[in-house]
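Hello,

Here is the structure I promised to pass on to you.

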Amino acid sequence: MTKKSRIRHHVNPLADQTKHKFDGFDNDKPIIVDIGADRGEFVEGLIKKLSDSKNFIVLEIRKPLAQRLEEKFSKYENVVVFDGDATRNLKDILKPSIDRGIIIEEIYVNFPDPWFKERHKKRRVINKKFIEGLRNWIQPETTWIFQTDQKQLFDETVEMLEKLNYIEIKFFDNSPHGITTKWEDAKVTDGFDVNRLKFHFL
Ligand SMILES: C[S@@+](CC[C@H](N)C(=O)[O-])C[C@H]1O[C@@H](n2cnc3c(N)ncnc32)[C@H](O)[C@@H]1O
């Protein structure tokens with residue numbers, strides 16, 4: 001009998017060549033984006049809460065997970081799922097909607113992989129190069145939401161963002177829209193703090 005591996009292999013986003021184009025939804029409702037949705041628990045909470053007042057874009061780099069998300073959300077007309085590295089695909093996915101005047105209301109980066117090793121830090125979703133590349137096209141109306149129980153990741157991200165004079169950061173305490181995931185609940189039960197910030201481009 002073969003033993004199933006329980007090791008979770010991290011995907012190296014820098015090796016991902018997936019390319020997406022998306023013309024946008026066929027309505028003008030604001031768009032909410034979840035980067036690194038995993039099993040989609042958080043964005044499912046958002047979809048149920050905000051129902052069809054918004055459109056949702058769900059991004060997940062691990063293809064099997066993206067496939068499951070696609071199946072999970074196939075019943076919703078206002079949800080699209082893309083696989084691949086969000087940091088490489090975000091512009092192609094969002095820019096056509098932005099050009100039509102649609103507001104990208106919120107972009108969530110919830111509990112992302114921390115990539116602690118110095119040589120791996122460039123794989124973090126919120127990294128300097130990615131943020132700098134957003135500057136010329138992302139809307140000032142877009143609120144970015146970053147949550148993590150990893151204090152070192154949080155502090156290093158704050159340090160990086162605070163050096164950018166075209167970004168405004170706000171720290172906040174409670175789960176956005178009152179939605180938590182099993183992962184977050186378990187961390188809090190284990191006594192970890194969840195660190196949260198929002199930022200937008202000036
Ligand atoms: C630790 S999980 C957090 C999941 C979820 N956001 C939550 O709050 O429960 C991080 C997720 O981000 C995905 N991911 C990592 N880098 C990514 C990238 N560059 N683009 C899209 N997804 C990414 C991983 O595959 C994983 O599913």
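**What I found**

A glycine is a handy place to start: G101, which comes after helix α3, has a positive phi, near 85°. Please keep in mind that this is a predicted model.

Helix α3 itself covers residues 86–99, 14 residues in total. From first C-alpha to last it reaches 19 Å, close to the 20 Å expected at 1.5 Å a residue. There is a kink of about 25° at I93, shortly before the proline P96. I93 is also one of the buried residues of α3, along with A86, T87, N89, L90, L94 and S97. What do the buried residues of α3 pack against? Their partners are β1, β2, β3, β4 (104–110) and α4 (128–134).

Next, have a look at strand β2 (residues 55–60), where six of six residues are buried. N55, I57 and L59 point one way, while F56, V58 and E60 point the other way. In a regular strand, side chains alternate between the two faces of the sheet.

β2 has parallel neighbours to show you too. Five bridges join it to strand β1 (residues 31–35), with D34 standing opposite V58.

Enjoy exploring it!

How values were computed
Residues numbered from 1 in each chain as written. Predicted model: local features only at pLDDT ≥ 70, side-chain atom pairs only at ≥ 80, totals over all residues. Buried ≥ 20, exposed ≤ 12 C-beta atoms within 10 Å, placed from the backbone. Helix = DSSP H or I, 4+ residues; strand = E, 2+ residues; numbered from the N terminus. Pairing = 2+ DSSP bridges. Expected span 1.5 Å × (residues − 1). Bend = angle between axes of the 7 residues up to and from the residue. Contact = placed C-beta atoms within 7 Å.
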